[in-house]
Amino acid sequence: MLITTGANPRVKATMKQTIFYENNEAPQNIPLASVLNQVDLTSNVCPAPPPPPGNAPSSTRSVDAPIQPLSQTPNAPPPPLPASGSSGGPRKPPPPPDLYLKKIRKKKVRKTDTNVLSVKFGCLEEKTFTSASKPVKCSQCPAVMSNLEHLVNDLNGEKGDTSMNWICSFCGATNSVAECDAKTERKEDMLYVPEDQVLEPEKKEQPEVKKEGEKSVDLEDDSILLFTLDISGSMGATVCQRGQMKDFDDDDDDVDDDSDSPDDQSIDDNVVDGSKRRRSFFSNFFTNRITRPKTSGPLPARDQIRVNQRTIRQSSNDYLSRLDIMKAALIQRLKDMKTTKPNVKLGVVTFCTEVNYLADGTPSKQKSLCQSAVNDKDAIQKVGIACKPPGPLKQSADRMKTAVKGMQPVSMTALGPALLMSVAIAGQQNQSKVIICTDGMANVGIGELSGDSPNDDFYDYVSEYANEFGVSVSVLSIEGADCRLTCLGRVADATNGSVNIVNPKDLGAEYAGIISQKIVGSKVEVTLVLHTSMYIRDALNPNDKSKSWMKLSIGNVTSDSENYFEFGFKPKQSGDKNEDDDLKEVPFQLQISYVNKHKSQLLRVITAKMPCTKERSKAEEEADMVLMGAHAVQSTAQISKEREYTMANINACSKKAWFTQQKRTRGSNFTPLQTKAQATTISELDSYGGYIFREQQDEALMFGGNLSDVDDDLCPTESSVRKQKKREIRARTQKDSSANMMFRNAKINKSALLKK
């Protein structure tokens, strides 16, 4: 089912859910203090009183939290920063804007309710009713004519006029429609396919899957998959990874003698396998056994030295470089994908000071980016577009294994040029993927982040470029490294890729998880249309209750992608007629515009009516706790991405208060799934709140106080400038661990929440 609310559906076929309808939304008071004060509602909130009868106003909830005042007075300016030439401290952050701390005050916040709608993009793979006609749109709102509308004859039309009218179920506007369009059959779930567009054949809607043992074989996936690997000098650092050398032991047991490509015979036989050589070197120490003399007593000094040396050498066999472990994980993926995804076009791009495209191991396809072009954005794109895409993995697996084993760590990190070049290569085919694995910050070429003036705008450009050609970018950072994920992760977040800081030994599992995520649509735009009596809530602008429809540009989506919307009923002004007092159900319409694998522009329209109630307790009893938890975590992270830390904390506190109240009032009736969802949500919100808290502590130490998150009573222009300065500073000072959790939580879904 595509559309679900926070209430469990009673009838799945007709998508009936109960939503909470309260025209005068009851607020709760949350202390808005300096952002150093962590507001915790879980231990201070009391169970909510029962809903008031009739139109009586709901009671407000006041929450007090312990306050830790700063040593600095609220209106005092921050102390001057140390001089640029001073030593012994961290790198000097950018100068702070003219922002100041706000005095502690109370802020009214809307109580959390169950009015949450989930959009599951996995439905784009499902078969539905298809229409070749053009969608008929309302003249007053974005709604598309659906099965809910009723046709009426145009009595005022001229003689011979065959047009008819239909009344929009969302805004009430009267629209004309041609007779041919009026006769078109309409369902609650429709896919509009223009005649000049290509729809995937029916037999390919369900990919052919064969069984070989316990592994499924996907023969339909022929997308481009590029591994963009860091081989800079820092990748030569060793880490303790006992047992990882077994991935290099099976030399050529999986190599086929016959080949489908004539370029197989042209592979350089002189490629040195440094990892295998090192393994053989280590194995010599295991065979050099020392015979202990038969005489009792301590060993002679010479023999004791030899034993100590052998012990040291044996223990050194447990230490491998980051690059060796990365190569082992990739080789293992090659073996698995050769069987399970034989038609995937897998290639490798390596970067150090230079950027090299190894393609699929075929020498004729390989290309290097010249040193003079690493700072030229247009030149990098031209080189990438000119590169030949890799061939199917079933033909190139052996060549790829040889090429991967030959990689050696050298020099610096030209991550920016490698990223752009990889996107340009993968962009030759829609719905392709780029996986970046690095352990350092970009310090060569365009996109350099190590200087005092990092080129942040470059990564926004790469995001737009990747979305234009339907490329998903994932970023894996090696644990213990500083990669400036706050910039690099923006590309993955914008293209719906994955972001994670991983232990080297977990690289194989991360690779497998990213590869398994199938892209089902690119250039995705979602439009949600509600009845005019309702509005869509904006977490960054909670006072705006005027929008009855909203359009979002999402980019790429996978079969696991989920987005959430919050909605409510507009408050009535004094003197308004109570037309909606007896409202029993309201209409919803979701429009998903996307580009499929064949680059055809399609439109999916889902329309439904859902029941509503004024009894908050009834809506909460039917609430989907997992959905509510995933939305709470995702919405908090989405607010943090805008660097509004106080708003994020308030949102998290409000959601935790709701979950705590549910546990107290009806926890005895919880199912095991609801209990797990409630505990996991509060744990995730607490954990992420800790990251925000530490960021704010560091901010206070840097500037002598926190940058204000509260809108000043300024003109909109000045307020906008202040907010932009705050975002820039917080983005440049955010730690990788905090950025990693922020980006991961911003993409969380129901299944991911339950796995935590």
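## Overall picture

How much of the accessible surface of the protein belongs to carbon and sulfur atoms? The share is 49%, out of an accessible surface of about 35000 Å². The structure is a predicted model, so these values are computed from predicted atom positions.

The protein contains 18 helices and 28 strands. Of its 756 residues, 51% are buried. Contacts were also sorted by how far apart the partners are in sequence. Among contacts between residues at least 6 apart, 80% join residues at least 24 apart.

Strand E26 covers residues 562-569. It is mostly covered, with 7 of its 8 residues buried. In general, the side chains of a regular strand alternate between the two faces of the sheet.

Two pairings of E26 can be followed in the model. Strand E6, residues 116-120, runs antiparallel to E26, and 5 bridges join them. In this pairing, Leu 117 stands opposite Phe 565 of E26. Strand E24, residues 534-536, also pairs with E26 in the antiparallel sense, here over 3 bridges. Tyr 535 stands opposite Gly 568 of E26.

## Ser 131 in strand E7

Is Ser 131 buried or exposed? Its relative accessibility is 7%, and the cut-off for buried is under 20%, so Ser 131 counts as buried. This serine lies in strand E7, which spans residues 129-131.

Which residues surround Ser 131, leaving aside its neighbours within four places in sequence? Ser 131 is in contact with Thr 184, Met 190, Leu 191, Tyr 192 and Val 193. There is also a polar contact between side chains: that of Ser 131 meets that of Ser 133 at 2.8 Å.

## Thr 339 in helix H5

Thr 339 is placed in helix H5, which runs over residues 322-340. Its relative accessibility is 32%, which lies between the cut-offs of 20% and 50%, so Thr 339 counts as partly exposed.

How far apart are the C-alpha atoms of Thr 339 and Leu 219? They are separated by 9.8 Å, while the two residues are 120 residues apart along the chain.

## Two residues side by side

The two residues can be set next to each other. Ser 131 belongs to a strand, E7, and is buried. Thr 339 belongs to a helix, H5, and is partly exposed.

Technical notes. Residues are numbered from 1 along each chain as its sequence is written. This is a predicted model: local features need pLDDT of at least 70, side-chain atom pairs count only at pLDDT 80 or more; totals for chains, interfaces and linings use all residues. Side-chain values use heavy atoms; hydrogens and water are left out. Buried means under 20% relative accessible area, exposed over 50%, partly exposed in between (1.4 Å probe, protein chains only). Helices (H or I, at least four residues) and strands (E, at least two) are DSSP runs, numbered from the N terminus. Two strands pair if DSSP finds at least two bridges between them. A polar contact is a pair of N or O atoms within 3.5 Å; within protein, one must be able to donate a hydrogen and the other to accept it, and residues adjacent in sequence count only if both atoms are side-chain atoms. Contact means heavy atoms within 4.5 Å. Accessible areas come from the Shrake-Rupley method with a 1.4 Å probe; for residues, only the protein chains shown count as cover.
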